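Please find below a short note for a colleague who is opening this structure for the first time. The points are numbered so that each can be checked in turn.

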Amino acid sequence: MQRVPQRTQHLHHKRGWLILIIIIVLVAIIGIHHYTSLEARLKSNWDRVVNTSSDNVSIAVYSPKRKRIYQSTNAPKHKFHTASTVKVSILAGILAKQHSLTSNQAKLAKAMIEQSDNTATTTLFTDSLGGQSGLQNTFKEFGMNDSVANKSWGLTTTTPTDQVKLLNNIFYKSKLLTSQDQTTIRNLMSNVDADQSWGISAGSNNFAIKNGWLSYGDDDWIVNSIGYIKNKNGTDYTIAVYTDKNNSMVTGQQTIEQLARVTKPLMK
């Protein structure tokens with residue numbers, strides 16, 4: 001049997017390592033390009049909406065594939081009033097505390113999320129969550145450090161990034177919510193009344209959503225939308241868009257839906 005000279009074996013070994021190193025470097029370069037290019041593309045598309053608006057606008061999106069939150073705003077450090085989007089926090093806080101709902105709580109939760117019923121919300125907020133202090137504790141538990149609870153729950157302030165943190169606990173892994181808790185919230189957010197399905201759902205047919213709208217003082221029209229989108233190819237993401245200073249509810253809706261439509265194709 002003919003033996004391969006030791007020098008030849010050594011050269012083959014070095015060549016193999018060189019090829020492996022080249023492959024690793026190429027994969028790293030491609031990965032970095034893919035990672036940064038999504039941020040650049042999102043920013044480019046968002047800026048056309050955010051930076052041309054005379055209203056306060058802020059968006060945050062989480063990609064589970066990249067494990068990163070992307071965001072854009074024309075109002076840095078601005079705290080947005082939640083309006084009815086806080087109803088998701090209220091329900092999540094109750095479930096994180098007791099991990100099940102009584103039959104009456106379940107009825108109220110359905111009305112609160114699906115129909116955005118304010119009376120049902122006040123009952124759950126006061127009697128089940130513990131009011132303002134209970135809501136603030138919920139924010140603390142979920143790491144929502146830029147959210148401040150108000151005794152008038154709709155005037156609670158928050159940021160899109162904080163809301164995405166909450167949504168991630170509902171739609172992805174959570175140490176605070178059980179899978180049953182998550183399913184409860186997901187099902188309600190996936191079944192909102194048809195007249196309340198505008199917003200981050202624009203251009204999508206597989207989504208879970210909660211919107212908020214309120215005409216309030218110097219903020220004029222506050223219009224917000226938070227939720228979860230799943231694309232046909234199986235990719236998904238959480239998203240939150242907050243606006244105020246809108247001259248009408250329709251103006252806020254249009255801004256949110258413009259952002260939703262330019263975001264969806266890039267998250268595939």
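1. A salt bridge here is a side-chain nitrogen of Lys or Arg within 4 Å of a carboxyl oxygen of Asp or Glu. The model is a predicted one, in which local features need pLDDT of at least 70 and side-chain atom pairs count only at pLDDT 80 or more, while totals for chains, interfaces and linings use all residues. Residues are numbered from 1 along each chain as its sequence is written, and side-chain values use heavy atoms, with hydrogens and water left out.

2. The whole structure holds four salt bridges. One of them joins the side chains of Arg68 and Glu39 (2.6 Å, N to O); because Arg68 lies in strand S2 (residues 68-73) and Glu39 in helix H1, this pair ties together parts that are 29 residues apart in sequence. Helices (H or I, at least four residues) and strands (E, at least two) are DSSP runs, numbered from the N terminus.

3. Within helix H1, Asp47 and Lys43 sit four residues apart, about one turn of the helix, and their side chains meet in a salt bridge of 3.0 Å, N to O. Asp47 counts as buried at 17% relative accessibility, whereas Lys43 is partly exposed at 48%; buried means under 20% relative accessible area, exposed over 50%, and partly exposed in between (1.4 Å probe, protein chains only).

4. Helix H3 (residues 103-114) contains both Lys110 and Glu114, again four residues apart, and the closest N and O atoms of their salt bridge are 2.8 Å apart. Lys110 is partly exposed, with 38% relative accessibility, while Glu114 is buried at 6%.

5. The largest nonpolar core has 41 residues, of which Val88, Ile90, Leu91, Leu135, Phe171, Ile185 and Met189 touch the most other members. Its largest share, eight residues, is supplied by helix H2 (residues 86-98). Such a core is a set of buried Ala, Val, Leu, Ile, Met, Phe, Trp, Tyr and Cys residues joined through side-chain atoms within 4.5 Å. Apart from this core lies another, of 22 residues, including Val50 and Leu266.

6. Strand S7 (residues 236-246) is mostly covered, with ten of its eleven residues buried. It runs antiparallel to strand S1 (residues 56-63), joined by seven bridges, and it pairs with strand S6 (residues 221-230) in the antiparallel sense over nine bridges, where pairing requires that DSSP finds at least two bridges between two strands. Val61 stands opposite Ile239, and Tyr228 stands opposite Thr238. In the hairpin of S6 and S7, with five residues between the strands, Gly234 takes a positive phi near 100°.
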